[in-house]
Amino acid sequence: MIIFTKDATPFRSDNEILMYNNLDSIPNLKETTYILHSDKFSSDDVIQWSPVIRNKLVVVTDKEPKLNKKAKDMCVVDDNLKGKSKDDAFVLVRALLNWDNRDRVKELYREQPTQLLLWFLKENVDDIGVWRRIAKVLYTLPDEYIKASLIYGIKPSRARVKWPKKKGKSKERPEIFRSTDQHWQVILENSITVANKVRDSGDIPKGMKRTKQKVMSWL
């Protein structure tokens with residue numbers, strides 16, 4: 001079976017072969033999923049390779065394929081390719097979390113709201129090292145630093161991306177933050193140093209632990 005999709009995550013398996021641009025492995029192993037990243041897999045390619053495929057060939061593309069009737073009958077086009085997707089941020093989140101080729105993630109990375117990316121990542125990344133690096137550069141260094149931290153600091157996995165849980169009522173802003181600071185919750189949640197300062201002030205938001213955390217210094 002040939003499947004066109006924008007995201008290969010639901011089709012991935014323990015036995016898989018990843019390819020980029022060209023189909024450089026014959027997809028004839030029964031227990032193997034072949035994943036090809038290409039925008040140029042045509043009707044002729046579908047017709048040529050369909051009889052050979054023993055399991056799945058997943059073609060990852062950003063564009064809905066233009067296929068003739070014969071090719072359409074021999075493959076499946078995922079719903080996420082039918083019509084223009086506006087969820088570019090979620091596509092980037094999937095790449096950050098799942099793709100082994102980090103240079104390809106860098107190519108995909110476009111200007112996205114940092115808060116939106118962190119909102120997704122907080123639900124999916126539990127590596128404290130990643131969050132320490134983010135806390136050190138967030139709002140203090142140019143955007144290139146947070147971008148590099150996300151692209152090269154996150155270890156990719158095959159886990160399905162989880163959507164963030166809806167938050168309850170908003171917390172009251174501790175007095176150490178300015179009234180104009182719109183990002184105080186992100187800073188508070190991701191910076192141990194800032195969180196400890198809030199604890200020292202005694203103005204602790206509801207739901208926040210009162211015990212101070214140990215700050216580990218960088219070597």
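This report walks through a predicted protein model, from its overall layout down to single residues.

## Ground rules

Since this is a predicted model, local features need pLDDT of at least 70 and side-chain atom pairs count only at pLDDT 80 or more, while totals for chains, interfaces and linings use all residues. Numbering starts from 1 along each chain as its sequence is written, and side-chain values use heavy atoms, with hydrogens and water left out.

## The overall layout

Let's start with the big picture. The protein has nine helices and five strands. Here helices (H or I, at least four residues) and strands (E, at least two) are DSSP runs, numbered from the N terminus. Going along the sequence, the order is β-β-β-α-β-α-β-α-α-α-α-α-α-α.

Of the 219 residues in the protein, 40% are buried. "Buried" means under 20% relative accessible area, "exposed" means over 50%, and "partly exposed" is in between (1.4 Å probe, protein chains only). The protein exposes about 14200 Å², and carbon and sulfur atoms supply 49% of that. Those areas come from the Shrake-Rupley method with a 1.4 Å probe; for residues, only the protein chains shown count as cover. As for contacts (heavy atoms within 4.5 Å), take those with a separation of 6 or more: 57% of them link residues 24 or more positions apart.

## Two nonpolar cores

A nonpolar core is a set of buried Ala, Val, Leu, Ile, Met, Phe, Trp, Tyr and Cys residues joined through side-chain atoms within 4.5 Å. The largest one has 25 residues, and Leu121, Ile134 and Leu150 touch the most other members. Two or more residues come from each of α3 (88-98), α5 (114-124), α6 and α7 (143-153). The biggest giver is α3, with six residues. Leucine 121 itself is in contact with Leu97, Trp131, Leu150 and Ile154, leaving aside neighbours within four places in sequence.

There's also a second, separate core of 17 residues, and Tyr34, Leu67, Ala71 and Cys75 are among them. Cysteine 75 is found in strand β5 (residues 75-77). With a relative accessible area of 12%, cysteine 75 counts as buried. Apart from residues up to four places away in sequence, cysteine 75 touches Ile2, Phe4, Val46 and Leu67.

## Helix α6 and its surroundings

Helix α6 covers residues 128-137, and its buried residues are Gly129, Val130, Trp131, Ile134 and Val137. At the start of α6, a side-chain oxygen of aspartate 127 comes within 2.9 Å of the backbone nitrogen of glycine 129. After α6 comes tyrosine 139, with a positive phi near 70°.

## Aromatic pairs

Rings of Phe, Tyr and Trp (its six-membered ring) pair if their centres lie within 6.5 Å; planes under 30 degrees apart count as stacked, over 60 as edge-to-face and the rest as tilted. By this rule there are two aromatic pairs. One of them joins tryptophan 119 and phenylalanine 120, edge-to-face at 5.4 Å centre to centre with 70° between the planes. Tryptophan 119 is partly exposed at 36% relative accessibility, whereas phenylalanine 120 is buried, at a relative accessible area of 2%.

Asparagine 98 lies in helix α3 and is buried at 3% relative accessibility. Aspartate 7, in the loop between β1 (2-5) and β2 (16-20), is buried with a relative accessible area of 7%. Beyond neighbours within four places in sequence, aspartate 7 is in contact with Asn80 and Arg94.

Asparagine 21 sits in the loop between β2 and β3 (33-37). This residue is exposed, with a relative accessible area of 58%. Phi of asparagine 21 is near 75°, a positive value in a residue other than glycine.

Conventions:
Polar contact = N/O pair within 3.5 Å; in protein donor to acceptor, adjacent residues only side chain to side chain.
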